[in-house]
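Student: I would like to go through this model with you. Can we start with the pockets and then turn to the packing?

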Amino acid sequence: MDEEMDSLVRNQTWDLVKLPAGKRVLQNKWVYRLKEEDGGKKRYKARLVVKGFAQKKGIDFDEIFSPVVKMTSIRTILSLVAVEDLHLEQLDVKMAFLHGDLEEEIYMQQPQGYEVKGKENLVCRLKKSLYGLKQAPRQWYLKFDKFMTEQGYDRCHSDHCVYFKRLDNGRYIILLLYVDDMLVAGSNMQDINVLKRKLAKSFAMKDLGAAKQILGMRITRDRKNRKLTLSQGEYIEKVLQRFRMQNAKPVSTPLASHFKLSKHMCPETQEEIDYMSKIPYSSAVGSLMYAMVCTRPDIAHAVGVVSRYMNNPGKEHWKAVHWILRYLRGTTSHALCFGGSDTVL
């Protein structure tokens with residue numbers, strides 16, 4: 001908590017002021033978690049979060065949309081990295097949302113346990129955005145976008161979180177942004193280091209070195225043969241454990257032909273409805289969907305079928321979800337493999 005407060009004070013996140021008449025004050029809370037670092041080490045983390053659900057549109061915020069990089073963009077760039085044998089580095093922005101500047105006048109109570117002695121009646125007037133504010137992701141994105149444009153980077157038309165810059169001698173750099181995670185690909189390591197230094201000057205950055213993992217996907221490279229694999233083995237293991245399918249008997253197809261699913265299988269009696277209300281159906285389908293979107297196109301059809309019955313699933317539909325999980329049990333190590341001889345899409 002002390003570390004978090006130091007960062008907030010260093011970043012000049014707020015000023016202590018008297019609450020003006022007619023203005024409302026937002027509450028906040030401390031959120032704690034154990035974060036697993038790369039290498040299995042655990043780290044305690046505390047974060048001050050504003051209770052943004054109390055914000056009113058038109059008073060406390062206007063626009064809140066903020067883009068993130070598309071999965072297709074990540075895969076396309078990784079394919080390019082494999083074929084062209086580019087350097088691939090990963091960066092992380094510490095406390096990304098605190099970098100965004102606020103346009104609205106927002107007041108918040110002083111953080112619990114850190115009230116300033118003698119000034120307990122004052123409130124914090126926010127100058128920078130904080131976690132929990134509805135506009136926080138957008139303000140961070142706008143600030144980062146402005147920085148990249150100033151550095152001479154072009155934004156990709158089809159994905160606003162992909163930035164690229166052509167340098168002399170045919171060299172180039174591509175940067176992908178997913179909230180506070182960045183992948184930087186380039187043909188020359190010195191160019192990447194120049195960008196890293198510029199980023200570190202403007203934002204609190206954490207250099208994670210050569211990219212090994214992004215959004216729960218493991219990146220493995222064989223640079224000699226120009227191959228790159230993208231897998232979600234660890235994520236799938238967690239999903240299997242969550243739905244108690246880690247010891248299930250594997251099957252060889254994502255969805256067997258005997259599943260003739262239809263809406264007639266939806267619960268009709270009160271007993272069936274009560275039974276299915278305790279089943280985490282939508283949660284399981286959502287977890288499968290993330291794997292499908294990232295690295296497992298082989299389950300796309302099966303997930304498409306079971307997701308049609310999200311609003312009222314029956315026992316037979318749940319059996320089909322179990323079947324997909326059993327298929328994943330036997331194919332956990334399946335991965336997307338990028339590489340080849342040319343860069344033609």
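Student: How do the residues of the lining of the largest pocket divide into nonpolar, polar and charged?

Tutor: This is a predicted model, where local features need pLDDT of at least 70 and side-chain atom pairs count only at pLDDT 80 or more, while totals for chains, interfaces and linings use all residues. Residues are numbered from 1 along each chain as its sequence is written, and side-chain values use heavy atoms, without hydrogens and water. A pocket is an open set of points on a 1 Å grid over the protein atoms alone, where a 1.4 Å probe fits, with protein on both sides within 12 Å along at least five of seven lines; lining residues have an atom within 4 Å of a point. With Ala, Val, Leu, Ile, Met, Phe, Trp, Tyr, Cys and Pro as nonpolar, Asp, Glu, Lys and Arg as charged, and the others, Gly among them, as polar, the lining divides into 17 nonpolar, 9 polar and 21 charged.

Student: Which residues lie nearest the centre of the largest pocket?

Tutor: About 1800 Å³ of space lies in this pocket. Its lining has 47 residues. Nearest the centre are Lys-35, Glu-36, Glu-37, Arg-43 and Asp-92.

Student: Which helix gives the most to the lining of the second largest pocket?

Tutor: Helices (H or I, at least four residues) and strands (E, at least two) are DSSP runs, numbered from the N terminus. Helix H2 (71-84), S9 and S10 each supply at least two residues of this lining. The most, 5 residues, comes from H2.

Student: What is the strand order in the open sheet of 6 strands?

Tutor: Two strands pair if DSSP finds at least two bridges between them. The pairing here is antiparallel, and the order is S8-S9-S10-S11-S5-S12.

Student: Why is one side of strand S8 and of strand S12 left without a neighbour in the sheet?

Tutor: Strand S8 (154-155) and strand S12 (205-210) stand at the edges.

Student: How are H5 and H7 oriented to each other, roughly parallel or roughly antiparallel?

Tutor: Helix H5 (residues 233-242) and helix H7 (residues 281-294) pack at about 170°, with axes 11 Å apart. Axes are lines fitted to C-alpha atoms, for helices over the stretch in contact (heavy atoms within 4.5 Å). Angles run from 0 to 180 degrees between N-to-C directions. Since angles over 145 degrees count as roughly antiparallel, H5 and H7 are therefore roughly antiparallel.

Key:
Angles under 35 degrees count as roughly parallel, over 145 as roughly antiparallel, 65 to 115 as roughly perpendicular and the rest as oblique. Grid points are joined across faces, edges and corners, and a volume is the space filled by probe spheres set on the points.
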